[in-house]
Each structure stands twice: as C-alpha cells, then as structure tokens.
Amino acid sequence: MFDTAFGFLYQFGDACAFLVLCAAGLAVIFGMMGVINLAHGEFIMCGAYVTSAAARAGVPLGFAIACGALAAGLAGVVLERLIIHRLYERPLDTIVATWGISLIVSQGTLIVLGPSMGAVGTPFGSVVVGGYSYSVYRFVLMAAAALILLALYVLFTRTRFGELARATIQVPHMAQALGINTGLIYTATFGIGAALAGATGGLYAPTMTLVPTMGSQFIIEAFVTVVVGGGDVFLGTAPAGVFLGFIKATMTTWEGQLAGQIGLLVAVIIVIRVLPRGVSGLLLRERA
Amino acid sequence: MLEDQSGDFALATIGKVHGIQLATDEINAAGGIAGRKLELVIYDTQSDNTRYQEFMRRVLQRDKVDAVFAGFSSASREAYRPIVDQLNGLAFYNNQYEGGVCDAHMIVTGAVPEQQFSTLIPWMMEKFGKHVYTIAADYNFGQISAEWVRNIVKENGGTMAGEEFIPLGVSQFSSTIQNIQKAKPDVLITLLVGAAQASYYEQAAAANLKVPMGSSVNVGQAYEHKRFKPPSLANMYVTTNWIEEVPNEASKAFVKKWHAKFPSEPYINQEAENSYIAVYLYKQMIERANGSTKRDDLRKIIAKGDVCMDAPEGKVCIDPKSQHMSHTIYLAKVNDDHSISFPNEWSDIKPYWLGDAGCDLTKKNPNAQYTPSNPPPK
C-alpha cells in the first residue's frame, strides 16, 4: 500500500515538476507579457547545451546550470532588443518572428555543433523506497520547481522591480508617464523569462539526450501549462502544474504514456472551454 | 540518392550517404559498371516525408535515374513507395525495418525482424529468463516489431510481463520505469526511436533499473554507446548485421578504407554498410544482365537466387521471393564502459518470413506491406 502511494506521489511530483519547469519562463514571457514565444524551446536548448559544455569542462553541475541560465538570459536580452521589442503592438507577428528564430537556432545548432551534444550523466544515484528504486535527482527537480515558483512569486509581488514590471505591462503609457523606463523593464522581464527557460534546460540536461531539436520536447507542455494557468505567473503556473500533473500521473500510472498524453490534452481543452482566462483568471476574479 | 542529410535523422543517415559515395568512387575508379561510369544525383530529404515524395518524382521523371537509393524511417519509405510503383522505378531501401514489404520495385538490403529477433530473443530468454517486457515507439515500426517480439516469446515458451507503446517525442519516463519495476521482467526489449525517447536510458540508469535490455535499433544506427555517458547503456544486447566494432579482417579493412575517405566520420553504422553493399549488388546485377539497367532484366538475375557478395559482415545474398537480403547477425553486448563485445554470431540468417508466408515476387507482385497479423492472402 505504502509502495503504491509513494510511487504515485513520486510520479505526481515528477509530472508537476516537469510541467512547472517547462512553463516557468514562458509564464513570464507569454502569460505575463503576452508575447507568444515559439522560440521558448530554443532557450531551453541553449541552457541545456551551455550547462553540458560547462559541466564537461569541469564546472560543478550547480554552477554549470547557472551558466546555462545566464547564457539563455543574455540571448533573451539580445533578442528582445533586436527583434521582439519592435513587435509588442503586433502579437500575431511575434508568432512568425519567434517561430523563424526557433527554426534558425535549431538548424544553426545542427550545422555548427553537429547532430548531438555530449551527455553529462545524472548525479546523486538512486534510492530504494519500498521495493522500487528512484533516481534521487528527480527529487532535486521537484525541489527546484518549487523554489523557482517561490522565487517568481517573491520577485513579482514583493520587490520594487516586480511592481514596476506589472505596472509597465498592464498600462505601458501610464507607466511611462510616471517616469518608468518601460523599454528597460520589458527587456529585463523578457531576459528573466529566457533565463528561467535556460535554467530548465540546465536542470534537465543531465537526464536527457541533447540534440538541436530538444526544445520541441518541452514546448507543448509549456504552452499547455501557461494556457491553463492564465496570466498570473505564480497563481497560474502553480495550480496548473498541480492540476495537470495530477491528471497526467493518474492516467500514465493507469494506462501508460499514451493515456497520459491524451488525458493532458483533453483536460486542457475542457479547461480553456470552461475558464477562458485560465486558473488564475478564476482565482483572481473577486479581486479584479 | 535520397537520404536525410539534415533534420532529426541526419545523425544516423550521413553514413549512408557516405557509404554510397565510397562505393561509387571505388567502382568508377575501377572503370565503372559494364564500361559506364556511375553518376550520383543527390538530394537532401531533410528527414521530411513530403520531401521524399517530391524528390522521388523529380529523380524518376526529370532526372530519369536508373535506380534510387532511398529512405531511413519506415514512414519515409511508405511515403515514397507508391510513387516508385506508379512511375515504375527501382528503389533500394538500405535500412533495417519492421519487415513485410513485398514489392517488385523494391530491393531491401537492411535486416528484418525475423533476422534480428529470432536470434536475439531466444538467446536472451535462454540466458536471463522467460519473462519479457517490451517498450516500443508508438508507430508502425514499433507496433509491428512488438508483435514480432510477442510471437517469438510465445513460440519459445515465455510470457509477456508487459508491453507499453510510447508516443514519439515523449522524453520523460519515470512512470514507465516504475511500471517495469512493478512487472519484474527478466528481459526488457526496448524499441525506442528518436532523440526524445533515447532519454529513457539515462533516466532508467539513474533510477538503477538493471534489467538486461535487448534491442534491434540501438547501437547499430545511432551509436548510442558512443554518445551517452557510461554506464547508461550497459547490459544492452543488440542484434545487428554489422557495426564498426565487428572484429573480422574484412571489417577492419573496410573501416580503414572508410576513414581514409571520410576522416571525421564519428561512427560507421549498419545502415552505412548496407548502403555500401547495395551499390555493389546493383553493379553485379547490371554486369550479369549484360549492361542492362532495366528493372525486369535485373530481376531475372535476382530470380536465379545467386546474387551474392562477400561484404564486410560476411556473405550476403538477395532472396528472390522477397528481394530482401540474408545477413550475418552479430550479437553486440554493451559493457559497463560502453565498449562492445560479441557474445554470439549467426551466419547466413535468411529473411525467411515473407517467402514462407506466401510472398513470391518471381510469380506475383502485390506491391504491399504485410505483417504477422496481416499475412499475404493464400
């Protein structure tokens, strides 16, 4: 009994962590800023590649992941300055632009770095709990997902920067009139979103095969979670991750991966039909 | 030549391009085929099935080539095969696959399930136990291969501990790993495909899942043992008709020759060898048909049943009934440090299933693909 319960909890936590980490960066860029960023997966790939390169050069894994996040964040800042900031008024055009960037980056990586990148190897070994053995690193991923959510919450609700960012995105011209450098805020916020995607790539780098197209393995889950979550970074992503993680873990444990995928997508269709503004739209209704 | 030089499959297929180029250069340097030089028309199919269709039309209609060497995934082959049939072409499919294509327009030099599984599975059941679990990619290759595994396990008195089909692109395997632990199999057959699904091995190793694994796809195509960090692939057994580690003299000479032409080749896989062989078999058929490149003339030569050659893997022959090729099958074991050893080998394993099931291209051409649950009509 305990075996099964623990096993299910582990699957549940693992699915939640994956969804939350997939979505963390996108929740900022798409959920909050409204930029439909189809290059989200490429930020993740960038983070994973830099992490792997750093780790293989002898940097401890924790720092290597930080390098990955930093690199993706910088790439995000550059991209925002060069392209994205021209398109804030044209949300549909950002789809084409970011899709183009995503194709260029993944094919460019294939041409420059070849079809695959050396692996890092998963640290921390395994632990046996009641007849099943589990990878310890997956627990680290769960903790990382919780920490990132918490950090986002603090950043956007408890700091001066968070207040400015929310003001800027809500009513840009008003914020500007009050003396806020909105261009800078936009760039910084986009950079944070990209850095979070990079961190996700870094965190998953030890557990996956690193290939130029690996971003596509995250992007569906990322969009699904953000769409279900709605506009609020913390109040959206966290409950969406828990809800979808529960459905995915239940269906996968019951009938395998295919059922898990189907369950996830059906749940999303139902949620956006019933709650067009996502979970956070529902939670924030009284306050709005 | 229509092979993927970019996109998802490029990793496994660049070697096929090089294999055909190497054989062509050798043949041309030695005077060509029946006094004529081989000319290669090369398109990059970009791992995209619609490209296969476009380019197949182009090479057959505009470039008017005599033969096409084409295709990696089964989906790509099934995408272009109707066009080859319709335009009356001749295509070599130089790739291991799920078997069953009974089509006079196709010559298949890759290995098929009866060659890879009828050797691998009884050997593993004998050695590790009769309780077998399969995880397979959820598309035609994985489904049909899993059916083969199921049948061979049953024929050898074993039981299936479980079976799971995994959608392409899935990269997170915690629940699959737990389900396998729950079923406690003696042998795990992995028929996973693509870079995303390859993450399974690292995750299973991290969770300390130590069931001996068998596969028909790993190592021999995408050289996972070279790319992954040891020991994630340790205890993996693969049946392959050739890989660059095969220790015989012919193979060593072949690898040396290859590296002289392509010094930066990361790995020479089984499909690279199959592609190289295909060009030489084509040469032999044309020469024996007195220089004719017409498909029907070449098929008359195949019908004699003695189109054979000494390949790096050993002797291979084309079976007239199915136009598939016999192989030496090597059992490759991945060790803890990811080096390869060969605990067993089987020589002259025939692609018997299609012929036994009733496909006979010397008499009738159904242009169809069959499976064990959907055999040729009697």
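Biologist: What share of the residues in chain B is buried?
Modeller: In this predicted model, buried residues make up 56% of the 378 residues in chain B.

Biologist: OK, domains. What does the assignment give for chain B?
Modeller: Domain 1 is written in pieces, 2–111 + 246–328 + 348–369, while domain 2 is 114–240. Their C-alpha centres lie 28 Å apart.

Biologist: How many residues of each domain are in contact with the other?
Modeller: On the domain 1 side of chain B there are 19, and they're in contact with 18 residues of domain 2. Helix 1 (10–29), helix 3 (74–86), helix 11 (270–288) and helix 13 (352–357) of chain B each supply at least two residues of the domain 1 side. By class, that side of domain 1 has 10 nonpolar, 6 polar and 3 charged residues.

Biologist: Switching topic: which strands make a hairpin in chain B?
Modeller: Strand 14 and strand 15 of chain B do, with 5 residues between them. Strand 14 covers residues 327–334 and strand 15 covers 340–349, and the two pair in the antiparallel sense over 6 bridges. If you want a spot to look at, B:Tyr330 stands opposite B:Glu345 in strand 15.

Biologist: What about the turn, which residue there has a positive phi?
Modeller: B:His338, at about 70°. Most residues other than glycine have a negative phi.

Biologist: Which residue has a positive phi of about 45°?
Modeller: That's B:Lys184, which is not a glycine. You'll find B:Lys184 in the loop between helix 6 (174–183) and strand 9 (187–191) of chain B. B:Val219, also not a glycine, has a positive phi of about 65°. B:Val219 lies in the loop between strand 10 (213–215) and helix 9 of chain B.

Biologist: Is B:Val219 buried or exposed?
Modeller: B:Val219 is buried, because 27 other C-beta atoms lie within 10 Å and the cut-off for buried is 20 or more. B:Lys184 counts as partly exposed, because it has 13 C-beta neighbours inside 10 Å.

Biologist: Where's the cis peptide bond?
Modeller: It joins B:Pro230 and B:Pro231, with omega about 0°. B:Pro231 sits in the loop between helix 9 (224–227) and strand 11 (236–240) of chain B. For background, most peptide bonds are trans.

Biologist: Last topic, chain A. How many residues of chain A are in contact with chain B?
Modeller: There are 31 residues of chain A in contact with 30 residues of chain B. Helix 1 (2–32), strand 2 (132–135), helix 5 (136–158), helix 10 (233–255) and helix 11 (257–274) of chain A each supply at least two residues of the side that touches chain B.

Biologist: And how do the residues on that side of chain A divide?
Modeller: The side of chain A that touches chain B has 12 nonpolar, 17 polar and 2 charged residues.

How values were computed
Residues are numbered from 1 along each chain as its sequence is written. Chains are lettered from A and ligands numbered from 1 in the order in which they are written. This is a predicted model: local features need pLDDT of at least 70, side-chain atom pairs count only at pLDDT 80 or more; totals for chains, interfaces and linings use all residues. Two residues are in contact if their C-beta atoms, placed from the backbone, lie within 7 Å. Helices (H or I, at least four residues) and strands (E, at least two) are DSSP runs, numbered from the N terminus. Ala, Val, Leu, Ile, Met, Phe, Trp, Tyr, Cys and Pro count as nonpolar, Asp, Glu, Lys and Arg as charged, and the others, Gly among them, as polar. Two strands pair if DSSP finds at least two bridges between them. Domain bounds come from an automatic or database domain assignment. A residue is buried if 20 or more other C-beta atoms lie within 10 Å of its own, exposed if 12 or fewer, and partly exposed in between; C-beta atoms are placed from the backbone.
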